[in-house]
Amino acid sequence: NNLGSVDGGTVGGKPYNKKECYQQALELKDDIPDTWYNLGVEGGGTVAGRCYSQDECNEKYTECLERACSEPPAASRGAAAEGSASASQPPMSQGSMGHPAWAGHLA
């Protein structure tokens, strides 16, 4: 999502335009509301082999946003589920998930 926000970029020697960056980010983590919104602004796109129209991207944005707002913060979920020791551990960044070449490029 970050690379898309700056008109694309190069990852692992391969150039990506804005739309491709948003699609790739959603392939790795499909519950980021802002990325669905951005893909909708680009007119839609393909994620996990499925084509999404602009309207469908906006629907996914709303779904993800509602889900994110209804869940407790990750730190309190982890502390409640695993005890207080997990609350002292730093949260895993989104950039550490998925393909290593994309590490640090996701928002």
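Colleague: Why does Tyr 37 count as partly exposed?

Modeller: In this predicted model, Tyr 37 has a relative accessibility of 41%. A buried residue would have to be under 20% and an exposed one over 50%, so Tyr 37, with a value in between, counts as partly exposed.

Colleague: What makes Tyr 61 count as partly exposed?

Modeller: The relative accessibility of Tyr 61 is 25%, and because buried means under 20% while exposed means over 50%, Tyr 61 is classed as partly exposed.

Colleague: How many aromatic pairs does a search of the whole structure find?

Modeller: The search finds two aromatic pairs, and one of them is formed by Trp 36 and Tyr 52.

Colleague: Why is the pair of Trp 36 and Tyr 52 called edge-to-face?

Modeller: The ring centres are 4.8 Å apart, and a pair requires centres within 6.5 Å; the planes make an angle of 65°, and since edge-to-face applies over 60 degrees, the name follows. Trp 36 belongs to helix H3 and Tyr 52 to strand S4 (residues 50-53), so this pair ties together parts that lie 16 residues apart in sequence. Both Trp 36 and Tyr 52 are buried, a class that requires under 20% relative accessible area.

Colleague: What makes the pair of Tyr 37 and Tyr 61 tilted?

Modeller: Their centres are 5.4 Å apart and their planes 55° apart; stacked would need planes under 30 degrees apart and edge-to-face over 60, so the pair is tilted. Tyr 37 sits in helix H3 and Tyr 61 in helix H4 (residues 54-70), and the pair thus links distant parts of the chain, 24 residues apart.

Colleague: How do you know that H2 and H3 meet?

Modeller: Contact means heavy atoms within 4.5 Å, and by that test Lys 19, Tyr 22, Gln 23, Ala 25 and Leu 26 of H2 meet Thr 35, Trp 36, Asn 38 and Leu 39 of H3. By class, five of the residues in this contact are nonpolar, three are polar and one is charged; Lys 19 is the charged residue, because Asp, Glu, Lys and Arg count as charged. Helix H2 (residues 18-28) and helix H3 (residues 33-41) pack at an angle of about 145°, with axes 9 Å apart, and their crossing is left-handed.

Colleague: What does the secondary structure of the protein come to?

Modeller: The protein has six helices and four strands, and from the N terminus on its elements run α-β-β-α-α-β-β-α-α-α. Of its 107 residues, 28% count as buried, which means that these fall under 20% relative accessible area.

Technical notes: Residues are numbered from 1 along each chain as its sequence is written. This is a predicted model: local features need pLDDT of at least 70, side-chain atom pairs count only at pLDDT 80 or more; totals for chains, interfaces and linings use all residues. Side-chain values use heavy atoms; hydrogens and water are left out. Axes are lines fitted to C-alpha atoms, for helices over the stretch in contact, and angles run from 0 to 180 degrees between N-to-C directions. Helices (H or I, at least four residues) and strands (E, at least two) are DSSP runs, numbered from the N terminus. A crossing is left-handed if the near helix is turned anticlockwise from the far one by less than a right angle, and right-handed if clockwise. Buried means under 20% relative accessible area, exposed over 50%, partly exposed in between (1.4 Å probe, protein chains only). Rings of Phe, Tyr and Trp (its six-membered ring) pair if their centres lie within 6.5 Å; planes under 30 degrees apart count as stacked, over 60 as edge-to-face and the rest as tilted.
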